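Subject: Structure handover

Hello,

Here is the structure for your files. My notes on what was found follow below it.

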Amino acid sequence: MARIYDKYPVLKGKDPDVRARRYVTPTRVVWTSKEEGADIHGEENLLLARAEQISFGDNPVCRMVNKPGSPKASILVDYGMELHGSVRIMVKGVVSANKRANIRVRFGESVMEAMTDLGVKNTTNDHANRDMVMNVGFYCAPETNESGFRFMRIDLLDEEAVLELKSVNATFIFRDIEYLGSFECSDPLLNKIWDTAAYTAHLNMQEYLWDGIKRDRLIWIGDMHTEVMTILSAFGYNEVVPKSLDVAREDAPITEEKMTWMNGYPPYSVWWLLIHYDWYMGVGDLAYLQEQKEYMIKLLSNLVKLVDENGVEQIPSKFLDWPTLANPEATHAGMQGLIKQGLEKGATLMEILGQTELAASCLEAADRMKAHVPTVGGSKTAAAMLVLAGLADAKETNENLIAVNGAHGYSTFLGYYLLKAKALAGDYQGALDAMKEYWGGMLKMGATTFWEDFNLDWMENAAPIDEIVPEGKVDIHGDWGAYCYVSFRHSLCHGWSSGPCPYMTHYVLGVTVEEAGCKKLRIEPHLGDLEYAKGTYPTPYGVVTISHTKLADGTVQTEIDAPAGVEIVK
């Protein structure tokens with residue numbers, strides 16, 4: 001059967017958009033300018049689920065009226081949770097001198113962001129417009145650009161006009177994929193954290209795998225590792241991962257004359273290696289790995305040169321994570337740990353690809369790094385990287401630094417690795433407590449996705465993001481943030497913060513991939529104080545179903561149902 005682009009080749013385009021669109025009706029009206037004396041009626045009609053079509057019938061509308069000298073009509077709605085997409089504004093009628101009206105549309109990941117002008121508290125239109133003026137007429141349904149948001153405010157701008165709105169439904173744009181992985185335990189908060197972490201990564205699975213959906217709608221390869229681990233835990237194989245890895249590679253060519261680092265940061269090229277290692281272990285696609293061979297050889301050949309004779313990393317342009325940016329001791333320590341991991345995983349990849357000589361060079365450089373264990377400058381994240389590299393004792397580091405003062409000093413970017421370091425120390429209960437304190441703290445502040453950054457100290461006297469901040473309270477979105485994410489520029493949906501999802505899958509459910517493509521899985525649960533934990537794990541052979549129940553004597557009873565082709569060891 002012919003398709004339209006078979007008949008008209010000009011319509012074929014480059015790639016089809018694999019994403020789906022769903023219309024989402026607001027769940028509540030948060031605020032209107034009625035409080036200021038504006039003339040607004042029927043705003044509750046915007047909460048009705050109705051056909052996505054302007055009609056001639058006498059349907060109830062939201063009527064916004066501006067009169068000379070009176071306050072302007074404005075309304076703010078809540079879609080109930082963070083979304084990626086746009087808003088379709090269905091205008092039933094306009095009464096004005098020219099039968100047109102100017103409206104201002106503002107998105108917000110928090111109520112206060114949607115209530116704030118551009119330039120105030122660092123509100124921006126970076127990456128995607130979130131503050132725009134539109135000119136509308138009757139019987140029209142204009143749609144805004146895509147962004148990340150939960151709240152939307154409309155202002156009628158004209159001095160004298162009437163605007164009749166049938167609906168202001170969000171157009172939710174997403175990959176309509178099945179959650180093959182799952183997690184449930186006896187603690188409802190941990191269940192909500194797993195779900196929120198998976199959803200956070202899911203929203204960033206757009207045409208490519210992005211860092212954020214409001215700002216940083218880009219492939220930041222250094223931030224993708226946690227996202228990829230989340231995708232493997234919640235969805236299994238998805239083409240967005242190799243597609244994004246390849247763009248990062250193509251954007252950073254390596255020639256004899258020049259070494260180009262991904263996203264301009266040398267450690268990000270190391271993260272690319274780590275992602276490829278875990279992706280290969282998860283999906284077992286040897287043909288895809290072989291496509292990376294030439295590039296990996298060039299990258300690792302350069303990387304081994306950046307470890308000096310004393311085993312000290314000599315990476316230029318270091319970046320560990322934002323909270324350690326002004327801490328050179330921590331940054332160096334984190335790099336020492338990261339580079340060693342990259343060399344070791346790179347050596348494994350080279351062995352698989354038949355490059356035994358380069359594999360030996362990588363292992364020799366990594367072994368030489370054991371002679372230099374830097375101080376961490378008080379940074380929990382840098383300490384975690386040393387632990388994961390085998391350069392610091394896990395129990396001692398956890399006891400003396402990582403576990404001190406709970407989840408204070410955590411980082412959303414490196415949170416997954418902090419939790420893994422605690423697991424290596426045997427502090428499984430401490431990891432559960434840290435997740436509830438840190439990621440649970442964001443939920444307490446009204447989050448429906450996890451943020452670009454978070455500090456537990458921000459919660460003091462702070463109002464949640466889903467309400468107008470009362471007098472005397474702190475605006476946790478507009479009053480906090482740092483570095484590139486000051487105040488409202490701060491993204492409240494960043495895929496790098498999804499670490500609890502893979503952590504709970506791999507350490508609570510206890511799934512460890514021991515052979516590429518999940519041919520062999522080790523199941524070793526760590527329930528801590530949980531009464532039970534159960535869930536599913538996606539593999540190329542099908543879904544593995546796992547259930548752990550703690551018995552009265554403290555032992556754990558485990559039941560596993562695995563598809564043919566997957567060997568289970570305990």
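A crossing is left-handed if the near helix is turned anticlockwise from the far one by less than a right angle, and right-handed if clockwise. Helices (H or I, at least four residues) and strands (E, at least two) are DSSP runs, numbered from the N terminus. By that convention, helix 4 passes helix 5 in a left-handed crossing.

Some ground rules. This is a predicted model, in which local features need pLDDT of at least 70 and side-chain atom pairs count only at pLDDT 80 or more, while totals for chains, interfaces and linings use all residues. Residues are numbered from 1 along each chain as its sequence is written, and side-chain values use heavy atoms, with hydrogens and water left out.

Helix pairs

Two packed helices are described by the angle between their axes and the distance between the axes. Axes here are lines fitted to C-alpha atoms, for helices over the stretch in contact, and angles run from 0 to 180 degrees between N-to-C directions.

Start with helix 4 (residues 224-234) and helix 5 (residues 240-250). Their axes come within 11 Å and cross at roughly 160°. Helix 4 and helix 5 are therefore roughly antiparallel. The classes are: under 35 degrees roughly parallel, over 145 roughly antiparallel, 65 to 115 roughly perpendicular, and the rest oblique. Contact means heavy atoms within 4.5 Å. On the helix 4 side, Met224, Val228 and Ile231 meet Val240, Val241, Ser244 and Leu245 of helix 5. The residues of this contact divide into six nonpolar, one polar and no charged.

Next, helix 8 (residues 293-303) and helix 9 (residues 328-352). The axes come within 11 Å and cross at roughly 140°. That makes helix 8 oblique to helix 9. The crossing of helix 8 and helix 9 is left-handed. Helix 8 brings Met296, Ile297, Leu300 and Leu303 to the contact, and helix 9 brings Ile339, Gly342, Leu343, Gly346, Leu349 and Met350. The residues of the contact between helix 8 and helix 9 divide into eight nonpolar, two polar and no charged.

Buried sites

Buried means under 20% relative accessible area, exposed over 50%, and partly exposed in between (1.4 Å probe, protein chains only).

How many residues of helix 11 (residues 380-388) are buried? Nine of its nine. Among them are Lys380, Thr381 and Met385. The buried residues of helix 11 pack against helix 6 (266-283), helix 9, helix 12 (394-402) and helix 13 (415-424). Just after helix 11, Gly390 takes a positive phi of about 75°.

His332 is in helix 9. At 18% relative accessibility, His332 counts as buried. Leaving aside neighbours within four places in sequence, His332 is in contact with Val312, Glu313, Lys318, His372 and Pro374.

Thr171 is in strand 9 (residues 161-174). Thr171 is buried, with a relative accessible area of 0%. Not counting residues up to four places away in sequence, Thr171 touches residues including Arg21, Tyr23, His84, Arg88 and Glu143. Thr171 and Tyr280 are 109 residues apart in sequence and 35 Å apart in space, C-alpha to C-alpha.

Cysteines and positive phi

A disulfide is a covalent bond between the sulfur atoms of two cysteines. The test applied here is a pair of cysteine sulfur atoms within 2.5 Å. By this rule the count is zero disulfides. Cys484 is in no disulfide, and the nearest cysteine sulfur, that of Cys493, is 15 Å away. Cys484 counts as partly exposed, at 22% relative accessibility.

Why is Cys518 too far for a bond? Its sulfur is 14 Å from the closest cysteine sulfur, in Cys501. Cys518 counts as buried, at 0% relative accessibility. Cys518 lies in the loop between strand 13 (511-515) and strand 14 (520-523).

Most residues other than glycine have a negative phi, and most peptide bonds are trans. Phi of Cys518 is near 60°, a positive value in a residue other than glycine. Phi of Asn122 is near 65°, also positive in a non-glycine residue. Asn122 lies in the loop between helix 2 (111-114) and strand 7 (131-137). At 29% relative accessibility, Asn122 counts as partly exposed.

Best regards

Conventions: Nonpolar A, V, L, I, M, F, W, Y, C, P; charged D, E, K, R; others polar.
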